[in-house]
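The entries below follow the order in which I looked things up.

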Amino acid sequence: MAERLDGTVALVTGASSGIGAATALELSGLGASVALVARRSERLTDDPQAREVVERAAAELGRLDTLVNNAGVMLLGPVQDAPLTEWQRMININVLGLLYCTHAALPHLLDAVSTSPRRVADLVNISSVAGRTVRSGSAAYNATKHAVGAFSEALRQEVTTRYLRVSVVEPGAVDTELAGHNRPEILAGLTERFAHQERMEATDIAETISFIVTRPRRVAVNEVLVRPTEQEG
Ligand SMILES: NC(=O)c1ccc[n+]([C@@H]2O[C@H](COP(=O)([O-])OP(=O)(O)OC[C@H]3O[C@@H](n4cnc5c(N)ncnc54)[C@H](OP(=O)(O)O)[C@@H]3O)[C@@H](O)[C@H]2O)c1
């Protein structure tokens, strides 16, 4: 049965839109106090900034039980002639931002296990179908999301016996602002590809995350791949 999150504190990165915004609402509806981060206010792309965000959330809200590493960008296109600034942006936020936030949050999450009535804490990393299967035209994005999967599984093995659960969520296509940052020619191809398919809504992924973090402490949902029903690959 789903447990409530009253008395717990969650930090959601990338919470200004899409999946992060929906997740923040979902967790707060379950009783958690939620700290929100987004580039519009704070960038997570270097260690001091990420650390400051985590420390401030833990200090102002008193603890940290749940971290949802959701902030991300998806800049697609062939490797040949790809603007390297796009790769740097993706590696900075999708990989380094997630690693830095995790590193800063780890002591707080482990503390929360011993001080919470639930006696469990959660780290949820948002990967993608692109973290499971690769396709031509997504090489660098694939590389960042595979990194999320590899990092999460190794960390899971380090902390799971201490009741810090590490989960990876791998969404397929969700109707958000994510694709909108692509170059016009790439965006046109993406729009065409998904024009005739029903995509998921951000709330569908928020509900997946809420399922994960409301399990009783004996249950760790390590990995969830969730696609729109019509999405084949
Ligand atoms: N939508 C999909 O189809 C889909 C599928 C699979 C996986 N995902 C993953 O889901 C996650 C959320 O994406 P979304 O679809 O909800 O897209 P979105 O609506 O574009 O949201 C992305 C969020 O990340 C934040 N962000 C970007 N760069 C940042 C930075 N440097 N520092 C801090 N925050 C930053 C954005 O903040 P600002 O807006 O303030 O910049 C925004 O809140 C991403 O990791 C994405 O890879 C999405």
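I located valine 169 in strand β5; strands (E, at least two residues) and helices (H or I, at least four) are DSSP runs numbered from the N terminus. I worked from a predicted model, in which local features need pLDDT of at least 70, side-chain atom pairs count only at pLDDT 80 or more, and totals for chains, interfaces and linings use all residues. Residues are numbered from 1 along each chain as its sequence is written, and side-chain values use heavy atoms, with hydrogens and water left out.

**Entry 1: valine 169.** Setting aside residues up to four places away in sequence, I listed what valine 169 touches, including Val124, Ile126, Ile205, Thr208, Val224 and Val226; contact means heavy atoms within 4.5 Å. I also noted that glycine 97 is 72 residues from valine 169 in sequence and 17 Å from it in space, C-alpha to C-alpha.

**Entry 2: threonine 208.** I then turned to threonine 208, which lies in helix α6. Threonine 208 is buried, since its relative accessible area is 14%. Apart from neighbours within four places in sequence, threonine 208 is in contact with Val169, Val224 and Val226.

**Entry 3: helices α1 and α6.** At what angle do α1 and α6 pack? I found an angle of about 50 degrees between helix α1 (residues 18-29) and helix α6 (residues 202-213), whose axes are 8 Å apart. Axes are lines fitted to C-alpha atoms, for helices over the stretch in contact, and angles run from 0 to 180 degrees between N-to-C directions. The two helices are therefore oblique to each other (under 35 degrees is roughly parallel, over 145 roughly antiparallel, 65 to 115 roughly perpendicular, and the rest oblique). From α1, I recorded Gly18, Ile19, Ala22, Thr23, Glu26 and Leu27 as meeting residues of α6, among them Ala202, Ile205, Ile209 and Val213.

**Entry 4: the buried side of α1.** Which residues of α1 are buried? They are Ile19, Gly20, Ala22, Thr23, Ala24 and Leu27. Their cover includes β1 (9-13), β2 (33-37), β3 (66-69), β5 (164-171) and α6. Just after α1, I noted that glycine 31 takes a positive phi of about 105 degrees.

Note on methods: Buried means under 20% relative accessible area, exposed over 50%, partly exposed in between (1.4 Å probe, protein chains only).
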